[in-house]
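Student: I have not looked at this structure before. Could you take me through how to read its features?

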Amino acid sequence: MKAVRGLMKVFITRRIPQEGTEILSGATGVCEVSQWDSDEPVPRAELLKGVHGAHGLLCLLSDKIDAEVLDAAGPNLKVISTMSVGFDHLALDEIKKRGIRVGYTPDVLTDATAELTVALLLATARRLPEGVEEVKNGGWSSWKPLWLCGYGLSGSTVGVIGLGRIGMAIAQRLLPFGIKRLLYAGRTAKAHAAEVNGEFVPLDTLVSESDFVVVSCSLTPETQGLCDKAFFSKMKKTAVFINSSRGAVVNQEDLYEALKSGQIAAAGLDVTTPEPLPTNHPLLTLKNCVVLPHIGSATYSTRGVMSALTVQNLLGGLQGLDMPSELRL
C-alpha cells in the first residue's frame, strides 16, 4: 500500500480491540494504516513486507522485532508501540541505536494480571481442574476424608519473587486470606513492601520457607532459567509454585521432574516456553500442573485500555509529542 503524500505510514501486526481502532480512525490526517487483518500472528514474511517504509509500527508480544525487521522498515521508522507490558521481544539495543522511540502498556494490566495469578494459585492449590474433571468423568462417588485435598492460604507463608507493580498487587490480594508471612526477593528492598508487611529476604530463604512461591519478576539475563533443579530442590515438598511472569524464567524440564518426583506439590503456569505449549508436552501429562494460555490481562476492559494506550503511544511518537507511556531507553 503506497502512502498518500504527507501521511505517515503505520503497520499494525494484528487485529486489536476497537478502543484502539476508533482512536486511529480519528487520526486520518496523521497516518495511513495497513494491518495484518487476523487474530493470528503475522507470518514473518508478511511482517517484513508490511513494515517496509513505515514511520510507525504497532506490534504485540508475539512479534519478534529485531534488526532484520528494523532494516526492512528502513530509516523512516520513528516509533514502535507494543501492546504489552513486557518488551523482551524487542531488540532494544538496535532500537536505541537507531533513535526509535518505544511505547508500552505498564500499569493498565496490573490488576487483571494480579487477579488471574491469585485465581491460578487457588485453582492449583485446591486442585480445581482435577475436581471439575472428576465430576465430568464419573469419579465423584461418596464423600471421602482425603479425596482431592489441597493446600490453603490461611496461616501460610507466601514468597513473591519480584515485588514490582504486579507483585505488589498480588500481595495485596493475598493478605485478606490470612497469610502468616509475606516474603519477597529481588534486587533491592522496596519501601512500599511495608504496606503488605513484606519481609525482604535472600532468594534461598524465600524458596525454602514459603508454602507458595509466586514468580512475578521481569525476564532479564539474571532471571532467565532462575527456577531450575537447584531452585526446586530447596522448596518444601508441600509447596506450590506459581508463574505468571515469563516462561523463560523457568527451566520446564526441571519443573517437570520436580512435580513428577514429588519434590514439590504442584505448579500453576500462565506463561510457558514456547507459547503455545505443544499439546504433547510432558507438563500436560501431570495432574499437579495447571497450565493456562497466557491470559493474565484477559479481561475485556483491560484489553480495551491496552489497545487505546498503544495507539495513543503510537500517535504521540509519530507526531513528535509526549507518549502517555514511553519506555526510556
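**Reading the features one by one**

Tutor: Glu 46 and Lys 49 sit three residues apart in helix α2 (residues 44-50), so about one helical turn separates them. Helices (H or I, at least four residues) and strands (E, at least two) are DSSP runs, numbered from the N terminus. This is a predicted model in which local features need pLDDT of at least 70 and side-chain atom pairs count only at pLDDT 80 or more, while totals for chains, interfaces and linings use all residues. Residues are numbered from 1 along each chain as its sequence is written, and side-chain values use heavy atoms, with hydrogens and water left out.

Student: Why does a spacing of three or four places in an α-helix matter?

Tutor: An α-helix has 3.6 residues a turn, so residues three or four places apart point the same way. Here the side chains of Glu 46 and Lys 49 meet in a salt bridge, at 3.7 Å from N to O. A salt bridge is a side-chain nitrogen of Lys or Arg within 4 Å of a carboxyl oxygen of Asp or Glu.

Student: Is Lys 49 buried or exposed?

Tutor: Buried means under 20% relative accessible area, exposed over 50%, and partly exposed in between (1.4 Å probe, protein chains only). Lys 49 has 57% relative accessibility and counts as exposed. Glu 46, at 28%, is partly exposed.

Student: How many salt bridges does the structure hold?

Tutor: The structure holds 18 salt bridges. One of them joins the side chains of Asp 71 and Arg 98, at 2.9 Å from N to O. That pair links distant parts of the chain, 27 residues apart: Asp 71 is in helix α3 (residues 67-73), and Arg 98 is in the loop between α4 (92-97) and β5 (101-103). Asp 71 is exposed at 52% relative accessibility, and Arg 98 is partly exposed at 35%.

Student: Which residues are linked in a network with Asp 71?

Tutor: Glu 94, Lys 97 and Arg 98 are linked with Asp 71 in a network of salt bridges. Elsewhere, the side chains of Arg 181 and Glu 199 meet in a salt bridge, at 2.9 Å from N to O. Arg 181 lies in strand β7 and Glu 199 in strand β8, so this pair ties together parts that are 18 residues apart in sequence. Arg 181 is partly exposed at 25% relative accessibility, and Glu 199 is partly exposed at 31%.

Student: What is the order of the strands in the open sheet?

Tutor: Two strands pair if DSSP finds at least two bridges between them. The open sheet has seven strands in the order β8-β7-β6-β9-β10-β11-β12, with parallel pairing. Its edge strands are β8 and β12 (289-291), each pairing on one side only. Within the sheet, β6 and β7 pair in the parallel sense over five bridges. The bridge partner of Gly 159 in β7 is Leu 183.

Student: How much of helix α7 is buried?

Tutor: Seven of the 10 residues of helix α7 (residues 165-174) are buried, so the helix is largely enclosed by the rest of the structure. Those buried residues are Ile 166, Gly 167, Met 168, Ala 169, Ile 170, Ala 171 and Leu 174. Covering is judged by contact, meaning heavy atoms within 4.5 Å. What covers the buried residues includes α5 (110-125), β6 (157-161), β7 (181-185) and β9 (212-215).

Student: How many aromatic pairs are there?

Tutor: Rings of Phe, Tyr and Trp (its six-membered ring) pair if their centres lie within 6.5 Å; planes under 30 degrees apart count as stacked, over 60 as edge-to-face and the rest as tilted. By this rule there are five aromatic pairs. The rings of Tyr 184 and Phe 200 have centres 5.2 Å apart and planes at 40°, so this pair is tilted. Tyr 184 lies in strand β7 and Phe 200 in strand β8 (residues 198-200), so the pair ties together parts 16 residues apart in sequence. Tyr 184 is buried at 2% relative accessible area, whereas Phe 200 is partly exposed at 39%.

Student: Which aromatic pair is edge-to-face, with 85° between the planes?

Tutor: Phe 232 and Phe 241 form that pair, at 5.2 Å centre to centre. Phe 232 is buried at 1% relative accessibility, and Phe 241 is buried at 0%. Phe 231, Phe 232 and Phe 241 form one aromatic cluster.
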